[in-house]
Amino acid sequence: MNEKIKALLKKEHYDFYDLCTVMEILRAPGGCPWDREQTHESIRQNFIDETYEAIEGIDTQDKELLCEELGDVMMQVVFHAQIDKEEGGFDIDDVTDGVVKKLIYRHPHVFADTVAETSDAVLVNWEKLKAKEKHRDTVTSTLESVPKPLPALMRAEKVGKKAAKVGFDFECAEDAAKKITEETEEFLNAPDDMREEELGDLLFAVVNTARKYGISAELALTRATDKFISRFAEVEKGVLADGKQMEELSLEELDKYWDRAKLQEK
């Protein structure tokens with residue numbers, strides 16, 4: 001292991017397999033105590049966090065941040081592969097072998113004689129091949145294949161899209177929007193022990209409506225939250241400028257600052 005460390009330290013530029021070597025060293029006896037203690041389960045949240053940090057690089061068009069965070073995502077992949085290798089399971093070569101084979105199989109219009117001249121045609125073929133590959137022979141199995149750990153809005157949208165492909169959908173966006181009103185009434189009139197379920201139905205109706213209008217519910221909510229924070233900052237700024245503290249004001253007084261912040265946006 002010392003020879004591997006020496007070889008690494010002599011390098012000025014590192015490649016993918018140097019990353020694998022570093023992870024092997026960290027997990028080996030005499031390596032890093034923290035890294036050696038980790039399991040698939042203990043670093044699960046780290047994988048999610050790093051992925052979202054990479055997404056931030058995309059959303060902000062910060063290429064430097066994106067490059068750095070993609071490295072952190074790659075490190076998580078290598079970390080999991082090293083853990084499983086030590087347990088006698090798969091290693092990083094199995095991971096890359098599997099994904100390359102999958103890409104070749106799911107792109108027969110490139111690697112075989114299937115014809116797909118548009119992006120839509122490619123996606124249709126992809127879904128058919130994926131269903132065959134995963135032995136999903138019913139629509140229900142396709143719906144169940146949407147990962148449960150996905151953010152709830154994203155999962156609901158994906159399930160709705162898959163159901164719509166077999167015709168189980170609202171005829172138009174307006175019909176979907178009417179469902180929001182219906183579910184709102186049911187939520188407002190629900191007994192306490194049914195309120196969570198009815199709220200879930202309401203949220204699902206909102207996601208379906210967004211999908212029918214071609215809107216990403218996840219992105220819409222993200223932007224609404226950002227807008228709330230921005231307006232809240234203006235409210236707080238106004239309150240402090242008047243020599244007051246927010247917690248000392250009534251909701252009615254705070255609403256006046258809120259309305260002022262909305263007017264400033266326009």
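Me: How do you know which residues Arg 231 is in contact with, leaving aside its neighbours within four places in sequence?

Reply: Arg 231 is in contact with Trp 258, Ala 261, Lys 262 and Glu 265, once those sequence neighbours are set aside, where contact means heavy atoms within 4.5 Å. This is a predicted model, in which local features need pLDDT of at least 70 and side-chain atom pairs count only at pLDDT 80 or more, while totals for chains, interfaces and linings use all residues. Residues are numbered from 1 along each chain as its sequence is written, and side-chain values use heavy atoms, with hydrogens and water left out.

Me: Why is Arg 231 called buried?

Reply: Arg 231, which is found in helix α13 (residues 217-241), has a relative accessible area of 13%. Buried means under 20%, exposed over 50% and partly exposed in between (1.4 Å probe, protein chains only), so Arg 231 counts as buried.

Me: What makes Asp 169 and Arg 211 a salt bridge?

Reply: The closest N and O atoms of Asp 169 and Arg 211 are 2.9 Å apart, and a salt bridge requires a side-chain nitrogen of Lys or Arg within 4 Å of a carboxyl oxygen of Asp or Glu, so the pair qualifies. The two partners belong to distant parts of the chain, 42 residues apart, with Asp 169 in the loop between α10 (152-164) and α11 (173-188) and Arg 211 in helix α12. A search of the whole structure finds 16 salt bridges.

Me: Is Arg 211 buried or exposed, and how do you know what it touches?

Reply: With a relative accessible area of 14%, Arg 211 falls under the limit for burial and is therefore called buried. Arg 211 has its place in helix α12 (residues 195-212), and not counting residues up to four places away in sequence, Arg 211 touches Glu 157, Gly 160, Lys 161, Ala 164 and Asp 169.

Me: How do you know that Asp 169 forms a salt bridge with Lys 212 as well?

Reply: For Asp 169 and Lys 212 the closest N and O atoms are 3.2 Å apart, and the pair is counted as a salt bridge. Asp 169 lies in the loop between α10 and α11 and Lys 212 in helix α12, so this pair ties together parts that are 43 residues apart in sequence. Asp 169, at 28%, and Lys 212, at 26%, are both called partly exposed.

Me: What is the place in the helix, and the accessibility, of Glu 183 and Lys 179?

Reply: Glu 183 and Lys 179 meet in a salt bridge of 3.6 Å, N to O. Both lie in helix α11, four residues apart, about one turn of the helix. Glu 183 has a relative accessible area of 7% and is therefore buried, whereas Lys 179 has 25% and is partly exposed. Elsewhere, salt bridges that share partners join Asp 169, Arg 211 and Lys 212 into one network.

Me: Which residues form the negative surface patch, and which helices supply them?

Reply: The patch is formed by Asp 49, Glu 53, Glu 56, Asp 59, Asp 62, Glu 64 and Glu 68. Charged patches take residues with over 30% relative accessible area and no salt bridge, joining like charges within 9 Å. Glu 68, placed in helix α5, is partly exposed at 49%, so it passes that accessibility limit. The helices α4 (44-59) and α5 (63-86) each supply at least two residues, and the largest share, four residues, comes from α4. Helices here are DSSP runs of H or I, at least four residues, numbered from the N terminus.

Note on methods
Patch = residues over 30% accessible without salt bridge, like charges linked within 9 Å, V, L, I, M, F, W, Y side chains within 5 Å. Areas by Shrake-Rupley, 256 points an atom, 1.4 Å probe, with all protein chains shown as cover. Lys, Arg positive; Asp, Glu negative; His and termini not counted. Charge placed at Lys NZ, Arg CZ, Asp CG, Glu CD.
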